[in-house]
Amino acid sequence: MTSRVAFVTGGTGGIGTAIVKRLADMGHKVATNYRNEEKARSWQEQMKADGYDIAIVKGDVTSPGEAEAMVREVESTLGPIEILVNNAGITRDGTFHRMKAEQWTDVINTNLNSVFNVTRPVIEGMRDRKWGRVIQISSINGLKGQYGQANYAAAKAGMHGFTISLARENARNGVTVNTISPGYIATDMVMAVPEEVRAKIVADIPTGRLGTPEEIAYGVGFLADEQAGWITGSNLDINGGHHMGW
Ligand code: NDP
């Protein structure tokens, strides 16, 4: 197994932590970003206690300058980034007729503009080295829409357009670009939803349960694998059968 350098945005979150661990378990050198020093240090300590040595770099993915600085820092400490997972994301839910401009721009900046900010400083090196994996963490709701999430669904759907264009542009340079669309996962983001709403969501999922962060991380590991070189421009649904699209 070739050991690669991986950068996962939002690695301190529920799904991100599982992705970071999965890639480290595959033998890769892994880095993630943080915004809050205290939170990040205790996360890093916990990871150490669990047997993982994960590099952390400070930066906000909504800032092109900070995103580029993070990428350069990872490159100088671990080496060129070969696997990039655009995972950082937020929700600012509300029905559109009541939505404030700030709810819209915060979500588009964090979930979609971030993908430009972080991928742009990484892609040229991947092209030059003729190997790369770029993986977007989108959402089931970017495919089917969701009440109260016009901002989030727009940003997550935008990731698919990005993926399929970047996949075409970079296929001959050994760089694959794919999206994973998770269904509802038992992380803080979903556990913050009122219990009765959650119960309705679970009732709609054919497998009868929420997913786990590890089940998303498994998909990331699959797409990042050396043998996944002919999978590009695809969307991998991991949602317990909640949305079955063609
Ligand atoms: P969490 O809220 O647990 O984690 C989000 C992570 O993103 C945190 O590490 C957070 O850092 C980071 N982050 C947020 N904003 C920024 C920013 N501006 N700059 C840098 N880092 C930032 O979310 P999940 O783990 O649940 O979700 C991960 C991804 O999966 C998201 O893109 C989400 O939309 C997607 N997803 C989640 C689903 C779910 O059911 N949970 C379902 C479908 C998709 P900080 O601690 O600093 O806030």
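Biologist: How far is a polar side-chain atom of N33 from a nitrogen atom of the ligand?

Modeller: First, this is a predicted model, where local features need pLDDT of at least 70, side-chain atom pairs count only at pLDDT 80 or more, and totals for chains, interfaces and linings use all residues. Residues are numbered from 1 along each chain as its sequence is written, and side-chain values use heavy atoms, leaving out hydrogens and water. A polar contact here is a pair of N or O atoms within 3.5 Å. For N33, the distance to a ligand nitrogen atom is 3.2 Å.

Biologist: How much of the ligand does the protein bury?

Modeller: Accessible areas come from the Shrake-Rupley method with a 1.4 Å probe. Taken alone, the ligand exposes 900 Å². Of that area, the protein buries 90%.

Biologist: Which helices each supply at least two residues of the shell around the ligand?

Modeller: The ligand is surrounded by 29 residues (a heavy atom within 4 Å), and the closest are R35, K39, N87, Y152 and T187. Helices are DSSP runs of H or I with at least four residues, and strands are E runs of at least two. The helices that each give at least two shell residues are α1 (14-25), α6 (150-170) and α7 (188-191).

Biologist: What is the phi of K130?

Modeller: K130 sits in the loop between α4 (101-129) and β5 (132-137). Most residues other than glycine have a negative phi. K130 is not a glycine, yet its phi is positive, at about 65°.

How values were computed:
A polar contact is a pair of N or O atoms within 3.5 Å; within protein, one must be able to donate a hydrogen and the other to accept it, and residues adjacent in sequence count only if both atoms are side-chain atoms.
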